[in-house]
Amino acid sequence: MGLLVEGKWQDSWYDTKSTGGHFERSAAQFRNWITPDGAPGPAGRGGFAAAGHRYHLYVSLACPWAHRTLLMRKLKGLESLIPISVVHPLMLENGWTFGTDFPAATGDPLYNKDYLYQLYLEADPRYSGRTTVPVLWDTVGKTIVSNESAEIIRMFNSAFDGVGARAGDYYPRELRAQIDEINAWVYDRVNNGVYKAGFATSQQAYDEAVEGVFAALERLETILGRHRYLTGDRLTEADLRLWTTLIRFDPVYVTHFKCDRRRIGDYLNLSGFLRDIYQMPGVSDTVDFAHIRNHYYRSHATINPHGIISIGPLQDLDEPHGRDDRFGPAGES
Ligand SMILES: N[C@@H](CCC(=O)N[C@@H](CS)C(=O)NCC(=O)O)C(=O)O
């Protein structure tokens, strides 16, 4: 685990000393957008026109942020247009690596790099910051388009519609305000909330974070008791963003991040929602519990020094979810 400082790799854990034991996630730095015609998007510079086989997605199958991009790529039928490389699940002194001694870890067939940070250096030889996944790479400009998953999924949702993406809009205009509102608190209290609990180095920072996680889960349980998805009968990006945390919750966050007041399996609506999306065509292909569990339990020596992987819960994600009987069929996205 480490970061680049002016282009030099340094092995160091997150600094929580200066923040009273609180984990603070730093903002992603590559913020360009792929657009249908290459015009600049909401941030960054232009020149990234949608096209098949021009862009490449680097992911970890363990990472919930990267998982969002894999889900959207699947739903939009972008697999053949945007190939992927999968890093090794262990993230140790060199950060994410392209080791291939683990099933489904692909290495870096594009450039044969050993470490993900070398790709960041290819884009910016003087880069300072964390070297995170996902990375959306431009093979023409040999640079990083974006390393912010929230924005990558928006690009996947609409930019490739003219070059062969499957129909479907998971950020529809009429629901945007509602989706943005839900995303904001789900990000803070759930997606990032579990990390704030798990990486806290003071009791007070942990207490605050973990209370936030469970208050938000109670609120989500109520919402998902009213309708099938977070905004109503239609699957949106808000659901996908929540879901990648829920799928990791019982196998990892309960034990490894000490989010153990209740399990998702204890919540009727959250667990039904978890299975509902898991059972959608293609979704289970994006889930790799070996990467997920090996990554977390074996990469964070500060919180699990011996790297022992817990036995894990018994979970049957193929069990009927009953949400279509309860709420009717899903609306068209
Ligand atoms: N804002 C980023 C966050 C991505 C992120 O933090 N990814 C983690 C993996 S789950 C990572 O690569 N961490 C490496 C590090 O912090 O050095 C996004 O959502 O794309």
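In strand β2, Gln-10 is the bridge partner of Leu-3. The strands concerned are β1 (residues 2-5) and β2 (residues 8-11), which run antiparallel and are joined by four bridges. They form a hairpin with two residues between them, and Glu-6 in the turn has a positive phi of about 50°. Strands count as paired if DSSP finds at least two bridges between them. Helices (H or I, at least four residues) and strands (E, at least two) are DSSP runs, numbered from the N terminus.

The model is predicted: local features need pLDDT of at least 70, side-chain atom pairs count only at pLDDT 80 or more, and totals for chains, interfaces and linings use all residues. Residue numbers start from 1 along each chain as its sequence is written.

**Domains**

The chain is divided into domain 1 (2-163) and domain 2 (173-283), with bounds that come from an automatic or database domain assignment. The C-alpha centres of domain 1 and domain 2 lie 23 Å apart. Their contact takes 15 residues from domain 1 and 18 residues from domain 2, where two residues are in contact if their C-beta atoms, placed from the backbone, lie within 7 Å. On the side of domain 1 that touches domain 2, α1 (64-75) and α3 (149-158) each supply at least two residues. Helix α1 gives the most to this side of domain 1, with six residues. By class, the side of domain 1 that touches domain 2 has six nonpolar, six polar and three charged residues. In this scheme Ala, Val, Leu, Ile, Met, Phe, Trp, Tyr, Cys and Pro count as nonpolar, Asp, Glu, Lys and Arg as charged, and the others, Gly among them, as polar.

**The four-stranded sheet**

An open sheet of four strands has the order β4-β3-β5-β6, with mixed pairing. Strands β4 (84-86) and β6 (143-146) stand at the edges with a single partner strand each, so one side of each is left without a neighbour in the sheet. From one strand to the next, the twist averages 35°; axes are lines fitted to C-alpha atoms, for helices over the stretch in contact, and angles run from 0 to 180 degrees between N-to-C directions.

Strand β3 (residues 55-59) and strand β5 (residues 135-138) pair in the antiparallel sense over four bridges. Tyr-58 stands opposite Val-135 in β5, and Tyr-55 stands opposite Asp-138 in β5. Strands β5 and β6 also run antiparallel, joined by three bridges, with Trp-137 opposite Ile-144 in β6. The hairpin of β5 and β6 has four residues between the strands, and Lys-142 takes a positive phi near 50° there.

Two loops have backbone features of note. Val-133 and Pro-134 are joined by a cis peptide bond, with omega about 0°; Pro-134 lies in the loop between α2 (116-123) and β5. Asn-112 has a positive phi of about 60° although it is not a glycine, and Asn-112 is found in the loop between β4 and α2.

**Ligand surroundings**

Which residues come nearest to the ligand? Of the 14 residues around the ligand, these are Cys-63, Trp-65, Arg-130, Thr-132 and Ser-149. A residue is near a molecule or strand if its C-beta atom, placed from the backbone, lies within 6 Å of it. By class, the shell around the ligand has seven nonpolar, five polar and two charged residues.

**Helix packing**

Two packed helices are described by the angle between their axes and the distance between the axes.

| Helix pair | Angle | Axis distance |
|---|---|---|
| α4 (residues 176-191) and α7 (residues 237-256) | about 10° | 9 Å |
| α7 and α8 (residues 268-278) | about 105° | 10 Å |

The angle of about 10° between α4 and α7 makes α4 roughly parallel to α7. Angles under 35 degrees count as roughly parallel, over 145 as roughly antiparallel, 65 to 115 as roughly perpendicular and the rest as oblique. In α4, Ile-179, Ile-182, Asn-183, Val-186, Val-190 and Asn-191 meet Glu-237, Ala-238, Arg-241, Leu-242 and Thr-245 in α7. By class, this contact of α4 with α7 has six nonpolar, three polar and two charged residues.

Helices α7 and α8 are therefore roughly perpendicular to each other. Asp-239, Trp-243, Leu-246 and Ile-247 in α7 meet Leu-270, Leu-274 and Ile-277 in α8. By class, the contact of α7 with α8 has six nonpolar, no polar and one charged residues.
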